Amino acid sequence: MAKVRKGIEVSIAMADAVAQANVDVIGAYPITPQTHIVEHLSEIVANAELDAEFVPVDSEHSAMSVCCGSAAVGARTFTSTSSQGLALMAEIFYIAAAMRLPIVMALANRSLSSPLSIWNDHTDTMMVRDAGWIHLFVENGQESYDNIFTAFRIAEDEDVMLPVAVNFDGFILTHMIEPIEYEDNDTIAKYLPAFKMKNTLHPDNPVSMGCFGMPEIYTEAQMQREDAIRRAYPTIIKAWKEWGDLTGRYYHPVETYRSEDAEYCIVTMGSYGETAMEVVDSLREEGEKVGVVKIRLWRPFPLDEFRKAVLGKKSLIVLDRAISFGGPGGPVASELRSALYNKEGAPVIVNYVAGLAGRDVSRNDFRNIILEGKARAGKGDTEGFTLYGLRG
Amino acid sequence: MDRFSVFSSRLVTKSENFTSGHRACQGCAEALAVRHVMKALGRDTIVAMSTGCMEIISSPLPLTAWKVPWIHNAFENSSAVISGCESGMKAMMRKGRIPQKKINFVAMGGDGATADIGIGPLSGALERGHDMVYICYDNEAYMNTGIQRSSSTPYGASTTTSPAGKVSIGQHTQKKNMPQIAVAHDIPYVATACPSFPFDLIEKVKRAAEMPGGAYVHILSVCPTGWRIQPEDAIKYGRLAIDSCVFPLYEVINGKYRISYTPYKKLTVAEYLKGQGRFRHLTDKDIEKIQAKVDSDYLKILKRCEEDA
């Protein structure tokens, strides 16, 4: 693959990135909703453009199980899922992180049934928020492509050894054709050397993996996981920095747009960041002192960077893409409130949940959310969350 | 059995790949089966094990009874995990990332993990044709969690979720025939075995490992705790199961059936059931019904073997 810029479906570009990363094993199951990622990968393998085992399994549960087995023998391992598929594999999703297996997953974010829906929101990923995976969120096709490489680099780092989910919005990204700059294979090889794992399942050096933990050891095992994901942070920063140095495209745990002098900001995760920036541009022209804060790294949560980005602002309008039923607010807003509690100069938070199951959040909707949110913040109306655009 | 001789025991390795010191109950024939299986497989083996008795007793952190690389992931997925191990190794060896080596890929699970919760992943793994062996240790109930019925629990057995009572015979369904389900996948090798017949078991596991592609070995593993018998009688009840033809020993090589052992004198089912606490509520009439089913099932197997001879 040479360095080239082309108009291509984001899912296809993701699959091309996986092939360029020279993976060894792909666990694949076409649960509804399906993307073209594994379909395209099966073509790539069938045409000998990638030497890998394409394992078309019997369920998403088995897909993650196959990935656990292949990562445990030290093979570079990839899978992709969504929605119901993620729900089915949730059990093994947790175990993969606990066993420190560096699997990379393209997680096309979509809603969960019922009612059955195949469209985009963040309900699926919020379900596995606490599983111990590293979660990256991307905004467009280029970021999706790029972060397959950074994800492998992070996951397989000796100091990390954790699975990484690249969260990208279903349909809004998965099925869109975008201009994407491909890197050449030499650049990729330089950035992503062959995977070498210290302790693998091999008869030459037998180890036992996935042992049974009594109460006297379980707590310590969990603390090790907590340590591991926190210690992953500098590696993530380094992986993004080096990718930026090679390609000119830099990524940061929290990214801001026109927020330096902003009095209030809209906070988003995923593809809506782009709409938010456009709307902020037009509101700025009208004299609104508004900016955008985008959370790219969801786990480990970038507490310091987030606080640095927002302390001193008057208010934040947080756009959630999932509901925590009966909870204090959307999952993102609840965490941000917690991150700012008792902090001097903390902005108040107004929380909107919007864009559930693919319902469009247009520029005009963003404008309404931002302006209404600002007004509500001024009145101290900041409890709970508001379901934006609710009909009837 | 025809190939057995007094020298058989000398041919078995002294090397223990599943070591003593594990925490199995006294008289656990399943742990014995694992020991024999691991002798048959040797050290160049990777084992993926389902959650269950054998996993719990052999791997309490930070201890392990395994001398071979071993992985436990979840209850239902050992066959999928071993598929991943096999695929990963295959890809890495082909790409020259690791040296070529013949490795046995073996998944193991109890009857619940095999016949109930893990039947989907097992069927998938067999259908995909991975070079692997699946071993089911069948103790005929969920013993690890406290003797609950599985689909492999035999008709009439009393368990904690199929208790015998005024209007219940205990388990009121027939035992799921897992070896036949495995045969239906057209895999090269399927066999039944029992640690009461150790040389037969070892021979079959070796053959399963040597066969390219998927192989399935179903091992009847007497559980004194769950069957409500004395620990010292575990081996005896294995023999009784086989001599009464309740659990016939046979193998299916590339679709051809072959009986491995014909009892010198076929015992009655009553002789097998007698003394087992789980069956003590059965009446003579119940036992007659079981005897009729055992006879008819055994005849079916014999007929297949005769056809294929």
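Two residues are taken to be in contact if their C-beta atoms, placed from the backbone, lie within 7 Å. By this criterion, residues 24 or more positions apart account for 68% of the contacts in chain B with a separation of 6 or more. In chain A, residues 24 or more positions apart account for 79% of the contacts with a separation of 6 or more. The structure is a predicted model, in which local features need pLDDT of at least 70 and side-chain atom pairs count only at pLDDT 80 or more, while totals for chains, interfaces and linings use all residues. Residues are numbered from 1 along each chain as its sequence is written, and chains are lettered from A and ligands numbered from 1 in the order in which they are written.

Helices (H or I, at least four residues) and strands (E, at least two) are DSSP runs, numbered from the N terminus. Chain A contains twelve helices and 16 strands, and chain B contains twelve helices and ten strands. The C-alpha trace of chain A spans about 65 × 55 × 45 Å along its principal axes; that of chain B spans about 65 × 45 × 40 Å. The radius of gyration is taken over C-alpha atoms, and the rule for a globule is 2.2 Å times the number of residues to the power 0.38. For the 392 residues of chain A, a compact globule would have a radius of gyration near 21 Å, and the value of 21 Å for the chain agrees. For the 309 residues of chain B, the rule gives a value near 19 Å, and the chain has 19 Å, which agrees.

A residue is buried if 20 or more other C-beta atoms lie within 10 Å of its own, exposed if 12 or fewer, and partly exposed in between, with C-beta atoms placed from the backbone. Buried residues make up 54% of the 392 residues of chain A and 54% of the 309 residues of chain B.

Chain A is divided into domain 1 (4-247) and domain 2 (256-387), with bounds that come from an automatic or database domain assignment. The contact between them takes 27 residues from domain 1 and 18 residues from domain 2 of chain A. On the side of domain 1 that touches domain 2, α5 (123-127), β6 (134-137), β7 (164-169) and α8 (215-247) of chain A each supply at least two residues. Helix α8(A) gives the most to this side, with five residues. The C-alpha centres of the two domains of chain A lie 28 Å apart.

A nonpolar core is a set of buried Ala, Val, Leu, Ile, Met, Phe, Trp, Tyr and Cys residues joined through C-beta atoms within 7 Å. The largest such core has 215 residues, of which Cys68(A), Ala96(A), Ile148(A), Val164(A) and Val106(B) touch the most other members. Helix α2 (residues 29-41) of chain B provides the largest share of this core, nine residues. Both domain 1 (4-247) and domain 2 (256-387) of chain A give residues to the core, so it lies between them. With residues up to four places away in sequence not counted, Ile148(A) touches Met14(A), Ala17(A), Val18(A), Ala21(A), Val104(A) and Val166(A).

Between the chains, the contact takes 39 residues from chain A and 42 residues from chain B. Among the elements of chain A that give two or more residues to this contact are β2 (25-28), α4 (83-98) and β9 (208-209). Helix α3(A) supplies the largest share of the chain A side, nine residues. Two strands pair if DSSP finds at least two bridges between them. Strand β9(A) is joined by two bridges to strand β2 (residues 70-72) of chain B, and the two run parallel. Here Ser208(A) has Trp70(B) as its bridge partner.

Within chain B, all seven of the seven residues of strand β3 (residues 104-110) are buried, so the strand is largely enclosed by the rest of the structure. Buried residues on one side of β3(B) are Asn104(B), Val106(B), Met108(B) and Gly110(B), and on the other Phe105(B), Ala107(B) and Gly109(B). Strand β3(B) pairs in the parallel sense with strand β1 (residues 45-49) of chain B over five bridges, and Thr45(B) stands opposite Asn104(B). Five bridges also join β3(B) to strand β4 (residues 133-138) of chain B, again parallel, with Gly109(B) opposite Cys136(B).
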